[in-house]
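Hi,

Here is the structure I promised to pass on. Have a look at it first, and then read my notes below.

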Amino acid sequence: MATRMMLREHPDAVIAYCETGSEHPDNERFIADCVRWFNRPIERLKSDRYADTWDVFERRRYLAGNDGAPCTVELKIMPRLAWQQPTDIHVFGYTADAPDEKRAQRLRDNYFELTIKTPLIERGLTKEACLAIIDRAGITPPPMYALGFQNNNCIPCVKATSPAYWALVRKHFPAEFERMSELSRQLDVRLTRIDGERRFIDEIPDDYPTINPIQPACDFLCHIAEQEFSEAPTP
């Protein structure tokens, strides 16, 4: 959504995707659909040191802490810093939801030297609205949303502390859950919180409730945004 909007203002913009090697395989289908929608190629940025998140975790022997997760630094930040130019305008797809607005503000605080734009926040577009617009454009959103995940993140995302999130990973991706359970025990990292107490994810009760899927919904701001890019971007 953010890319489609920015192509209206900057038709020569470069579309970049930080490839982590640990996201849902359907992302390849989604990327191909977006390339057709944008009528523009997508440039892939990838670490030249690590293959995927598991490679980072196992070689760094570190999962997550107060300063975030090493996978984000190694697989997203470092490749982008090596690729970007000093004069770039950086456009990020943070939505007008409270958690995303906080993430966008942290990004600006930590990288104050960058020129950053967040067009979805500026237009008041939530994830529900973005999913609705994408669906009406004929593009099936990544399946992680339909499964109940709030973000199309890596599987799993070690920055998540919600037991409901980890219960959802256990339900849909049992092999990845088991692998993370074993690794977190080896590294003595309690990734979740239950009743305010840090716990290992394999301590989450079997019947713990999971997260409900985001329901696409379009309001008047959503319709205004659709009108804004109703014409195809100029290649």
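This is a predicted model: local features need pLDDT of at least 70, side-chain atom pairs count only at pLDDT 80 or more; totals for chains, interfaces and linings use all residues.

A quick word on terms: buried means under 20% relative accessible area, exposed means over 50%, and partly exposed is in between (1.4 Å probe, protein chains only). Residues are numbered from 1 along each chain as its sequence is written, and side-chain values use heavy atoms, with hydrogens and water left out.

Asp188 sits in the loop between α10 and β5 (192–194); helices (H or I, at least four residues) and strands (E, at least two) are DSSP runs, numbered from the N terminus. Its phi is positive, near 55°, although Asp188 is not a glycine. Asp195 also has a positive phi near 55°, and is found in the loop between β5 and β6 (197–199). Asp195 counts as exposed because its relative accessibility is 80%. Most residues other than glycine have a negative phi, and most peptide bonds are trans. On the peptide-bond side, Ile155 and Pro156 are joined by a cis bond, with omega about -5°. Pro156 lies in the loop between α8 (143–146) and α9.

Leaving aside neighbours within four places in sequence, Met180 is in contact (heavy atoms within 4.5 Å) with residues including Trp54, Phe57, Pro156 and Trp166.

How do α3 and α10 cross? Their axes (lines fitted to C-alpha atoms, for helices over the stretch in contact, with angles from 0 to 180 degrees between N-to-C directions) come within 12 Å and cross at roughly 15°. That makes the two helices α3 and α10 roughly parallel, a label for angles under 35 degrees. Trp54, Phe57 and Glu58 of α3 make the contact with Glu176, Arg179, Met180 and Leu183 of α10.

Cheers

Technical notes. Angles under 35 degrees count as roughly parallel, over 145 as roughly antiparallel, 65 to 115 as roughly perpendicular and the rest as oblique.
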